[in-house]
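This report goes through one protein model, region by region. Please look over the sequence and the structure first.

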Amino acid sequence: METIKLTKKQLYGEIKNYIGISLGLVFYSFAWTAILTPAKVMGNGIPGVGMLIYYATGGEAGGIPMGYSYMAINAVLLLLGFIIIGPRFGAKTIYAMAFNSLMLILMQKYIPTDILGLAESDKFLSAVLGGALCGLGIGICFSQGGSTGGTDIIAMIVNKYRNISLGKVIMFCDIIIVGCSYFVFKDISSVIYGYVTVGVVGYTIDAYMQGGRQSCQLMIISKQYASISDRIVVELHRGVTVLEAEGWYTKNRQRVLMVCCRRNEVTAICRIVKEADPEAFISNSPASGIYGAGFENLKSVAHSKKEKKKAPVASVSPNAGEKGQEA
């Protein structure tokens with residue numbers, strides 16, 4: 001059996017991923033146990049089923065804790081993740097499931113239900129605040145390659161093969177779960193606020209995931225183009241394309257650098273440029289989509305002849321990414 005050896009950099013990356021997953025699950029569990037459950041406001045996924053079971057079996061008077069229901073239901077759904085996503089994803093999902101189950105059990109047991117002073121007195125605020133915190137926690141887990149289980153596993157599987165946002169898939173799956181809350185609480189307001197929560201969760205997930213993936217295209221004009229290019233490649237591991245250009249007014253030949261990067265890398269690139277040439281000219285434009293090595297995979301969105309006629313596939317250079325952007 002071949003032994004898999006991790007480099008220090010890879011090991012550090014894996015540890016960082018697990019820490020990120022744990023942080024996201026802390027937010028997620030707190031939202032459920034301290035905000036949504038005390039207010040009897042439904043939310044997303046398997047924890048919502050767990051909350052229904054909790055109140056259906058007695059609630060505060062001795063109902064089955066959400067953590068136990070969450071673990072039991074997800075144990076069945078994990079098989080799907082192992083088969084489709086793979087063992088690496090499965091390991092992180094098992095960790096996330098176990099950690100989240102533990103957090104749900106401990107927080108529901110030790111955190112006072114009125115810690116924020118909301119409970120059932122302000123269901124709308126509970127729905128918005130709880131949904132935002134849940135969405136943030138799920139978004140952090142997704143960004144680190146993990147999952148909170150249940151409908152999240154389904155969302156990641158669909159997103160792997162289809163260009164559909166994670167939040168939309170989760171929202172679709174959770175509509176039925178939230179609707180079932182009426183049969184437990186006998187209160188239509190709980191259902192309505194539950195849908196508010198689901199909407200906030202989906203919006204927050206998309207905002208978090210898209211915010212981290214937004215890309216920019218920089219055009220840099222400088223006489224120090226060589227040193228700037230070297231520093232961007234070495235320090236930021238981003239490719240640089242050098243374009244031949246001519247100033248129409250001066251008729252001078254010059255070089256223009258084109259750099260595609262993530263939005264959070266723009267500041268670092270501007271710093272490098274200004275340190276090398278304070279007189280450099282920089283143009284920063286948001287890019288709606290950059291596909292290729294180092295960025296997003298190009299997914300086919302045309303599933304019919306009609307769609308193909310309306311939206312022909314654009315040709316994208318495969319070497320416009322992280323280490324091979326040179327034209």
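## A loop residue with positive phi

His 237 lies in the loop that runs between α10 (225–236) and β2 (241–246). The model is a predicted one. Although His 237 is not a glycine, its phi is positive, at about 55°. Its relative accessibility is 41%, and because buried means under 20% and exposed means over 50%, His 237 counts as partly exposed.

Cys 261 is 24 residues apart from His 237 in sequence, and the C-alpha atoms of the two are 9.9 Å apart in space.

## Overall make-up

The protein has 327 residues, of which 43% count as buried. Its secondary structure comes to 12 helices and 4 strands. Among contacts in the protein with a separation of 6 or more, 71% are between residues 24 or more positions apart.

## Lysine over a ring

Lys 251 is placed in the loop between β2 and β3 (253–262). Its phi is positive, about 60°, although Lys 251 is not a glycine. With a relative accessibility of 44%, Lys 251 counts as partly exposed.

What does the charged end of Lys 251 sit over? The charged end is over the ring of Trp 248, at 3.3 Å from the centre of that ring.

## Aromatic pairs

How many aromatic pairs does a search of the whole structure find? The search finds 6. One of the pairs is formed by Tyr 55 and Phe 185: the ring centres are 5.3 Å apart and the planes stand at 70°, so this pair is edge-to-face. Tyr 55 belongs to helix α2 (residues 45–56) and Phe 185 to helix α8 (residues 182–185), so the pair links distant parts of the chain, 130 residues apart. Both Tyr 55 and Phe 185 are buried.

Tyr 182 and Phe 183 also form an edge-to-face aromatic pair, with 6.0 Å from centre to centre and 75° between the planes. Tyr 182 has 38% relative accessibility and counts as partly exposed, whereas Phe 183 is exposed, with a relative accessible area of 58%. Elsewhere, ring pairs link Tyr 18, Tyr 95 and Phe 99 into a cluster.

## Where two helices cross

The axes of α10 and helix α11 (residues 266–276) come within 10 Å of each other and cross at roughly 145°. The crossing in which α10 passes α11 is right-handed.

Which residues of the two helices meet? On the α10 side they are Ser 227, Ile 228, Arg 231, Ile 232, Glu 235 and Leu 236. On the α11 side they are Ala 268, Ile 269, Arg 271, Ile 272, Val 273, Glu 275 and Ala 276. Sorted by class, the contact between α10 and α11 has 8 nonpolar, 1 polar and 4 charged residues.

## A buried threonine

Thr 197 is part of helix α9 (residues 188–213). Is Thr 197 buried or exposed? Its relative accessibility is 0%, so Thr 197 counts as buried.

What surrounds this residue, apart from its neighbours within four places in sequence? Thr 197 is in contact with Leu 36, Val 41, Met 42, Gly 43, Ala 127 and Gly 131.

## A serine between two helices

Ser 165 is found in the loop between α6 (151–161) and α7 (166–179). Its relative accessibility is 19%. Because the limit for buried is under 20%, Ser 165 counts as buried.

Ser 165 and Ala 155 are 10 residues apart in sequence. In space, the distance between them is 8.2 Å, C-alpha to C-alpha.

Methods: Residues numbered from 1 in each chain as written. Predicted model: local features only at pLDDT ≥ 70, side-chain atom pairs only at ≥ 80, totals over all residues. Heavy atoms only, no water. Phe/Tyr/Trp six-rings, centres within 6.5 Å; stacked < 30°, edge-to-face > 60°. Buried < 20%, exposed > 50% of the residue type's maximum accessible area, 1.4 Å probe, protein only. Lys NZ or Arg CZ within 6 Å of the ring centre and 35° of its normal. Axes fitted to C-alpha atoms, helices over the stretch in contact; angles between N-to-C directions. Left-handed = near helix turned anticlockwise from the far one by under 90°. Contact = heavy atoms within 4.5 Å. Nonpolar A, V, L, I, M, F, W, Y, C, P; charged D, E, K, R; others polar.
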